[in-house]
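Work through these exercises with the sequence and the model open side by side. Try each task before reading its solution.

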Amino acid sequence: MLPLTEQTFARVAATLPEWARPSAAAGYEAFSALPPPDPRQEEWRYVEVEVDLDSLQLAESPGPPLPPDVALIGALGEPAGHAINVDGHTVAVEAADGVRLTALGPALAADGETLRGVFRSGPGPRLDRFAAAHHAFATDGVFFHLPRGRRLSAPVLVEFQATRANSLALPRLTVLVEDGAAGALVLHYRSPSGVPLVAVPQVEVVVGQNARLEVSVIQEWGDATRAYAHQTMVAARDGALVLAEAGLGGVNARLHLRLDLEGPGADAQVLGAYFGHRRQTLDYRYYMLHRARHTTSNMYLKGAVGDTARSVFTGLIRIEPEGQDSDAMQTNKNLVLAEGAEAHSVPNLEILANEVRCGHGSTVSPLDPEQRYYLMSRGLDSARADRLQVKGFFEDVLARFPQAALEPLLRRSLVARYDGLQREQSR
Amino acid sequence: MSAALVVRGLQASLGDLAILKGVDLEVPYGEVHALMGPNGSGKSTLCHVLMGQPEYTASGSALVGGTEVLGLPVDARARAGLFLGFQYPVEVPGVTLRELLEEMGQAAGAGAGYWSTVEAAAERMALAPFLGRPVNEGLSGGEKKRSEMLQLLALRPRVAVLDEIDSGLDIDAVREVAAAVEAMRSPDLGVLLITHYSRILRYIAVDRVHVMAAGRVIRSGGKELAGALEAGGYDAMVREAEPAAPPAADDFLQGL
């Protein structure tokens with residue numbers, strides 16, 4: 001295990017190509033200078049971070065991979081590729097012929113020119129101290145590249161696992177989808193239960209003109225993992241981004257997401273289904289930036305919280321002066337299933353153009369007593385009635401997830417989460 | 001054999017507002033009864049008090065197939081054999097009619113033949129295309145009522161209370177619903193039709209008619225009672241039954 005010191009940073013930076021070193025240096029500088037997250041900052045409101053970053057260490061070598069998730073792999077049929085990163089180290093990559101899915105370290109060495117415009121183009125080192133640590137100390141990750149015009153019918157599966165106690169895992173996913181290309185990616189986050197660790201994954205996606213990428217994230221970190229993920233997705237003219245996240249794991253799991261609609265006609269669809277239990281905090285900070293004409297976006301997230309869990313959604317749609325004729329919508333609906341649970345939903349709009357359509361809606365409510373009464377009048381006891389209502393609540397968002405093959409799996413996980421809530425607290 | 005439904009001295013209130021003031025009613029097995037009354041007389045309240053909607057406080061007695069249901073949870077009343085067809089069936093987003101019917105079968109511990117019976121009934125009632133759609137979402141008034149009838153058939157209750165089964169329906173749909181009620185008639189079932197208008201009674205041979213006003217059943221009689229109502233209206237019958245009865249509005253004021 002390596003401590004988060006200047007010496008470790010120097011070792012890590014030496015493995016990067018010359019052109020990437022300044023970003024690592026900026027990371028280390030920010031890591032040394034930035035204060036820890038403070039709940040008084042809007043960015044960290046509602047969240048207790050309780051992480052002493054400086055006490056964590058990097059895994060010098062990966063632990064053994066977790067057992068394969070047979071159900072997930074089965075649902076995906078034959079993925080076009082499969083990469084596994086454990087404790088920050090990419091340990092296995094398989095890809096069908098002609099599919100460019102590789103470990104990031106070797107790709108940087110072999111194909112620096114292709115990566116140059118993408119690698120570390122995403123979340124910056126000064127975003128917060130977690131991002132700074134990632135830039136300073138991350139060594140490896142996965143690179144997925146769809147060259148111009150390449151269209152994949154099957155998705156690739158990328159697994160980010162963390163296994164070592166008291167470690168800081170820093171996996172990175174870099175995705176380049178060139179003009180006219182299209183593909184889909186499933187990103188699965190996992191760690192064993194009961195192992196305290198921190199994960200700071202970063203994902204950067206660059207989508208070219210008339211290109212399309214669908215990303216499905218299945219967040220199933222273990223119950224002692226604190227995860228602070230940063231993800232950026234950028235689309236050029238008429239490019240299309242889809243991000244769907246199912247949030248289930250972690251004691252404290254954040255997804256900081258920024259989507260840049262940079263080219264005219266670019267479109268983003270963001271979907272989310274999350275379900276917190278026990279003392280989890282599921283924390284979403286989503287930023288949708290319309291920076292060109294005729295850009296369109298739709299965010300649709302649904303979440304439930306039980307036991308003493310907490311969820312946070314803060315969403316911002318920002319339409320720049322260049323974003324005339326844009327159309328943006330943001331919806332967040334929450335079910336609160338126990339008195340000790342809370343859901344915070346804070347949608348925001350910043351509109352700097354005058355010819356736009358833009359809207360947002362957010363709800364936080366308990367289960368509907370009318371539905372419960374109706375279902376019980378058909379002989380269903382209250383537990384069965386509520387379970388059906390919870391299942392129904394998530395149905396429309398699951399139906400919009402891009403990988404239809406994942407739908408039954410995710411539905412099962414969400415309903416199982418409801419079944420596992422402490423009975424005496426649910427109502 | 002006792003009657004399918006026996007209601008004695010049923011009182012119910014919503015907060016401080018007394019709505020039912022001692023309802024007595026009996027529906028024997030094999031019979032179809034109509035319960036009529038003006039708006040605000042307590043017909044719908046009676047339905048929901050029998051079913052056990054939690055907002056009401058009730059006292060008295062309601063026996064379903066000999067089981068006292070007052071005090072039981074809603075689902076236990078359904079299992080005792082009570083079915084309520086809702087005037088406004090509730091939409092259940094994201095849950096298909098098929099899923100609901102399957103859950104109902106499981107909750108009732110239904111046997112192996114359950115699903116084929118339900119499917120055949122859905123076919124017969126032209127509801128097969130609705131099995132895969134969310135419960136009551138985007139259905140017309142008539143479709144909702146048919147969906148309620150399908151659920152009734154699936155549950156095979158002892159007592160079916162059908163709340164305003166004919167409201168908001170065009171004449172063809174009323175005929176359809178009436179035919180469905182006639183088809184249900186069986187020695188194991190008592191039916192109580194709640195209706196504001198006598199229209200549906202032209203198509204159903206009801207055994208008895210009860211008239212409700214101000215929280216009580218004020219008259220019971222044969223089918224001719226519906227004819228008398230049609231001719232004279234509710235007001236005349238209410239005045240005749242209780243000349244000294246205060247106007248219904250007073251109860252409302254007292255409740256404030």
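**Exercise 1. Find how helix 7 and helix 8 of chain A are set against each other, and which residues make the contact.**

Solution.
- Step 1. Take the axes, which are lines fitted to C-alpha atoms over the stretch in contact, with angles from 0 to 180 degrees between N-to-C directions. Helices (H or I, at least four residues) and strands (E, at least two) are DSSP runs, numbered from the N terminus.
- Step 2. The axes of helix 7 and helix 8 of chain A come within 9 Å and cross at roughly 125 degrees.
- Step 3. Classify the angle: under 35 degrees is roughly parallel, over 145 roughly antiparallel, 65 to 115 roughly perpendicular, and the rest oblique. Helix 7 and helix 8 of chain A are therefore oblique to each other.
- Step 4. List the contacts, meaning residue pairs whose C-beta atoms, placed from the backbone, lie within 7 Å. Helix 7 of chain A supplies Gln371(A), Arg372(A), Leu375(A) and Met376(A). Helix 8 of chain A supplies Ser382(A), Ala385(A), Asp386(A), Leu388(A) and Gln389(A).
- Step 5. Sort by class: Ala, Val, Leu, Ile, Met, Phe, Trp, Tyr, Cys and Pro are nonpolar, Asp, Glu, Lys and Arg are charged, and the others, Gly among them, are polar. The contact of helix 7 with helix 8 of chain A divides into 4 nonpolar, 3 polar and 2 charged residues.

A note on the model: it is predicted, so local features need pLDDT of at least 70 and side-chain atom pairs count only at pLDDT 80 or more, while totals for chains, interfaces and linings use all residues. Residues are numbered from 1 along each chain as its sequence is written, and chains are lettered from A and ligands numbered from 1 in the order in which they are written.

**Exercise 2. Decide how much of helix 7 (residues 369–376) of chain A is buried, and what covers the buried part.**

Solution.
- Step 1. Apply the cut-offs: a residue is buried if 20 or more other C-beta atoms, placed from the backbone, lie within 10 Å of its own, exposed if 12 or fewer, and partly exposed in between.
- Step 2. Count. In helix 7 of chain A, 6 of the 8 residues are buried. They are Gln371(A), Arg372(A), Tyr373(A), Tyr374(A), Leu375(A) and Met376(A).
- Step 3. Look at the partners. The buried residues pack against helix 8 (382–400) of chain A, together with helix 2 and strand 7 of chain B.

**Exercise 3. Describe the contact between chain B and chain A from the side of chain B.**

Solution.
- Step 1. Chain B gives 20 residues and chain A gives 20 residues.
- Step 2. On chain B, the elements with two or more residues there are helix 2 (74–80), strand 7 (92–96), helix 3 and helix 5.
- Step 3. By class, this side of chain B has 14 nonpolar, 3 polar and 3 charged residues.

**Exercise 4. Work out how helix 3 (residues 97–107) and helix 5 (residues 141–155) of chain B pack.**

Solution.
- Step 1. Their axes lie 10 Å apart, at an angle of about 25 degrees. That makes helix 3 of chain B roughly parallel to helix 5 of chain B.
- Step 2. Leu97(B), Leu101(B) and Met104(B) of helix 3 meet Ser147(B), Gln151(B), Ala154(B) and Leu155(B) of helix 5.
- Step 3. The contact of helix 3 with helix 5 of chain B has 5 nonpolar, 2 polar and no charged residues.

**Exercise 5. Do likewise for helix 1 (residues 6–14) and helix 2 (residues 21–33) of chain A.**

Solution.
- Step 1. The axes come within 10 Å and cross at roughly 165 degrees. Helix 1 and helix 2 of chain A are therefore roughly antiparallel.
- Step 2. Phe9(A), Val12(A) and Ala13(A) of helix 1 touch Arg21(A), Ala24(A), Ala25(A) and Tyr28(A) of helix 2.
- Step 3. The residues of this contact divide into 6 nonpolar, no polar and 1 charged.

**Exercise 6. Glu50(A) and Asn136(B) each have a positive phi. Is each buried or exposed?**

Solution.
- Step 1. Most residues other than glycine have a negative phi.
- Step 2. Glu50(A) has a phi of about 50 degrees. Glu50(A) sits in the loop between helix 2 and strand 2 (57–58) of chain A. With 10 other C-beta atoms within 10 Å, Glu50(A) is exposed.
- Step 3. Asn136(B) has a phi of about 65 degrees. Asn136(B) sits in the loop between strand 8 (134–135) and helix 5 of chain B. With 22 other C-beta atoms within 10 Å, Asn136(B) is buried.

Terms used:
Contact = placed C-beta atoms within 7 Å.
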